[in-house]
Amino acid sequence: MNDSPSQLDPNLKVAPPMTIDPNSLSARELARRIKNGELSATSVIRQTLDRVTRVNPAINAIVQDCAEDAMAEAQYLDARIAAGDPVGPLAGVPVTIKVISDQAGYATTNGTTLAADLKATSDSPFLQNLRRNGAIVVGRTNTPAFSYRWFTSNKVHGTTLNPHNPDLTPGGSSGGAGAATSAGLGHIGHGTDIAGSVRYPAYACGIHGLRPTHGRIPMFNQTGGDRPIGAQLMAVSGPLARSVDDLRLALEGMSGYAADDPWSVPMPLRGPDFNRRVALVTHPGGINTDPRIVADLERSAEMFRAAGWTVEAPDIPEIREAVDLQIDLWLSDDHAAKLAAARQENDPGAIALLEHYADRANAIDVAAFSQLFIRRAALVRAWRAFLGDYPVVLMPVSAELPFRKDEDLEGSETLTRLWASQLPQIAIPLLGLPAISISTGVENGVPSGVQLVASPWREDICLTAGEVLEQGFGLPQMPQ
């Protein structure tokens with residue numbers, strides 16, 4: 001920015017107040033009109049914040065209020081535009097940030113009372129990128145304690161409800177982002193994904209979500225220190241949105257090399273042309289996929305064929321072992337400390353999960369941990385070779401339709417079933433692949449969707465393929 005807000009000329013003229021709903025426009029169109037002076041960022045953000053005031057109390061998606069800062073940033077942006085200063089492609093677009101990530105002046109709670117007062121003094125690199133591109137943060141969204149679950153409740157921020165159906169989970173761990181974006185409380189939601197935590201909330205809330213390749217979006221936090229090594233190899237930040245093009249714009253706005261993130265890689269966002277060839281996989285790893293989801297997958301295959309793509313149903317490389325390795329690298333890594341923190345927090349969901357895998361974690365010694373990485377490399381090679389022949393894999397997001405609220409607290413047997421159904425989400429981070437969750441619609445208050453997987457660094461393939469399905473299924477609709 002060229003000037004601070006306090007140095008601006010109060011007599012600069014800005015665009016007139018907005019008279020249409022910002023949610024009726026895509027993020028790209030909204031930013032275009034703001035940059036052209038047709039709309040004011042101030043009116044867009046004011047209208048978004050007014051919607052937050054009306055809608056959020058019923059779903060508790062946004063749990064840290066950024067209204068004052070958001071209005072100041074919007075006024076500053078309007079003044080810069082009026083002065084003829086260049087602004088970014090996300091100019092004035094309202095976004096939300098998950099409370100797992102650093103935002104200067106706000107607590108990086110990760111859904112815990114233990115970190116309720118752990119205020120960040122700087123922005124995470126991806127947020128610096130978003131702001132550099134003109135986006136405005138309207139609120140910070142909820143996550144389960146320690147971001148462990150596919151359900152979103154905790155002792156510091158409370159429970160987030162699914163805006164389509166309060167009896168269903170909004171997903172997790174980015175459940176606040178999914179609920180907020182679905183309800184129109186911002187065009188783009190930021191989430192993180194280590195076992196489906198972007199893709200599953202998108203699926204559960206009837207929107208789209210993109211898990212990028214690890215290293216694409218910088219996400220290092222100064223607050224709270226580094227993550228354990230297993231998590232570093234799989235956790236990513238990614239966007240949730242109500243259109244595929246909004247995901248594309250969000251990916252462009254979040255990405256970029258950052259020296260602060262030791263895993264950041266400066267890769268181009270678009271790769272060479274690719275064969276329009278899809279591998280249809282309705283029951284990966286032998287999961288018992290719900291009939292409605294199978295029907296969505298078969299409808300998706302027909303949409304690809306109608307668009308001129310080739311669709312086949314080949315055998316895929318081993319995927320069930322990828323789930324086992326991912327669980328061991330994530331939950332078993334420093335398991336004792338994780339469990340101690342969960343017990344100190346006294347969070348039932350985190351405790352249930354970690355106790356469920358305690359015996360397994362305790363059985364892993366140094367030699368076994370080394371073997372995990374060897375087997376991971378073998379699976380990654382196999383999947384990269386397969387994706388060379390089939391640039392897109394079409395598979396479920398989950399074997400089941402969205403879970404009931406807090407269903408994972410119903411006992412070990414239920415927890416085992418839920419984790420088994422989530423194989424398509426858990427395996428992808430271990431394999432280092434980008435994936436997109438595409439909404440197929442909401443029927444009787446129950447959302448559904450499908451997942452598209454591509455080669456590393458080929459988020460552009462996910463987005464291109466996702467647009468084919470979006471054209472067929474239609475744009476996700478906000479709940480009434």
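1. Let's start with the sheet. Strand 1 (residues 62-65) and strand 3 run antiparallel to each other and are joined by three bridges; two strands count as paired if DSSP finds at least two bridges between them. Within that pairing, Ile-62 has Thr-141 as its bridge partner in strand 3. Helices and strands here are DSSP runs (H or I, at least four residues, for helices; E, at least two, for strands), numbered from the N terminus.

2. A word on the source before going on. This is a predicted model, in which local features need pLDDT of at least 70 and side-chain atom pairs count only at pLDDT 80 or more, while totals for chains, interfaces and linings use all residues. Residues are numbered from 1 along each chain as its sequence is written, and side-chain values use heavy atoms, with hydrogens and water left out.

3. Strand 3 also pairs with strand 2 (residues 94-98), in parallel and through five bridges. Ile-97, for one, has Arg-140 as its bridge partner in strand 3. Strand 2, helix 4 (residues 125-132) and strand 3 together form a right-handed β-α-β unit; right-handed means that, with the strands pointing away from the viewer, the path from the first strand over the helix to the second runs clockwise.

4. How covered is strand 3? Six of its six residues, 136-141, are buried. Buried means under 20% relative accessible area, exposed means over 50%, and partly exposed is in between (1.4 Å probe, protein chains only).

5. Now the aromatics: the whole structure holds 13 aromatic pairs. Rings of Phe, Tyr and Trp (its six-membered ring) pair if their centres lie within 6.5 Å; planes under 30 degrees apart are stacked, over 60 edge-to-face, and the rest tilted. Phe-304 and Trp-309 make a tilted pair, with 4.9 Å between centres and 45° between planes. Phe-304 is buried at 0% relative accessibility, and Trp-309 is buried too, at 7%.

6. Phe-369 and Phe-373 are an edge-to-face pair because their ring centres are 5.4 Å apart and their planes lie at 80°. The two sit four residues apart in helix 14 (residues 366-389), so about one helical turn separates them. Phe-369 is partly exposed at 21%, and Phe-373 is partly exposed at 28%.

7. There is a ring cluster to look at as well: ring pairs link Phe-146, Tyr-148, Trp-150, Trp-330, Tyr-357 and Trp-419.

8. Two arginines sit over rings. Arg-276 lies over the face of Phe-274, 3.9 Å from the ring centre, and the charged end of Arg-277 is over the ring of Tyr-390, 4.1 Å from its centre. The test is that NZ of Lys or CZ of Arg is within 6 Å of the ring centre and within 35 degrees of the ring normal.

9. Why call helix 5 (residues 175-182) largely enclosed by the rest of the structure? Because eight of its eight residues are buried, including Gly-175, Gly-176 and Ser-182. Gly-184 follows helix 5 and has a positive phi, near 80°.

10. Last, Gly-206, in the loop between helix 6 (199-204) and strand 7 (208-211). Gly-206 is buried, at 2% relative accessible area. Leaving aside residues up to four places away in sequence, Gly-206 touches His-164, Ser-439, Val-442, Pro-447 and Pro-476, where contact means heavy atoms within 4.5 Å.
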